[in-house]
Amino acid sequence: MIHPVKPANNRITNHGLIMGGDQIIISDFHVRPIIGVHEWEKSSPRDIYMTLYLGVNISAAAETDHLDHTVDYDELTKTLKVFCERSNFNLIETLAQSCADIILTQFNVHEVLIRLEKPAALDCSKSVGIQIHRVKPNV
């Protein structure tokens, strides 16, 4: 399990990321896991939308124009989609943490902010969401 650690002496951006560098942003990424605490939620997949802010260093990729020097966001989203659609969680908090763990351990990402939204979770709101920020240890 990745434990959140925030590096000292960096600035916090308006997205909450402690970044001194570059970001790859994936907006409104759609997955359909089985998620929820109520029995009716567990009967079929639910829509979840994620926005990911990936803390990366794109310097080598910008210089070489080679995919192997950056994060293959197609591969990252395919990995997360397979994981999410095979998962079964009660809480969106658990799903968000699990996705952060995958991103930080399987991809060249040193920091991630995940905003996850579950539409129609409440009758009185458009969606319910969570936002988490995780940093790879020793970064």
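How many aromatic pairs does a search of the whole structure find? I will come back to that in a few minutes, after a word on what we are looking at.

This is a predicted model, in which local features need pLDDT of at least 70 and side-chain atom pairs count only at pLDDT 80 or more, while totals for chains, interfaces and linings use all residues. Residues are numbered from 1 along each chain as its sequence is written, and side-chain values use heavy atoms, with hydrogens and water left out.

Let me start with the overall layout. The chain has three helices and six strands, where helices (H or I, at least four residues) and strands (E, at least two) are DSSP runs numbered from the N terminus. Read from the N terminus on, the order of the elements is β-β-β-α-α-β-α-β-β. Of the 139 residues of the chain, 39% count as buried; here buried means under 20% relative accessible area, exposed means over 50%, and partly exposed lies in between, with a 1.4 Å probe and protein chains only.

Next, the strands, which we call paired if DSSP finds at least two bridges between them. Strand β3, residues 48–56, pairs with β1 in the antiparallel sense over eight bridges, and V31 has I48 of β3 as its bridge partner.

Now back to the opening question: the search finds one aromatic pair. Rings of Phe, Tyr and Trp (its six-membered ring) pair if their centres lie within 6.5 Å, and planes under 30 degrees apart count as stacked, over 60 as edge-to-face and the rest as tilted. The pair is F83 with F89, at 6.2 Å centre to centre and 45° between the planes, and therefore it counts as tilted. F83 is partly exposed, with a relative accessible area of 27%, whereas F89 counts as buried at 17%.

Finally, a point about the backbone. Most residues other than glycine have a negative phi, and most peptide bonds are trans. D28, although not a glycine, has a positive phi of about 50°; D28 is found in strand β1 and counts as exposed at 54% relative accessibility. D65 is not a glycine either, and has a positive phi of about 60°; D65 lies in the loop between α1 (59–64) and α2, and is exposed with a relative accessible area of 70%.
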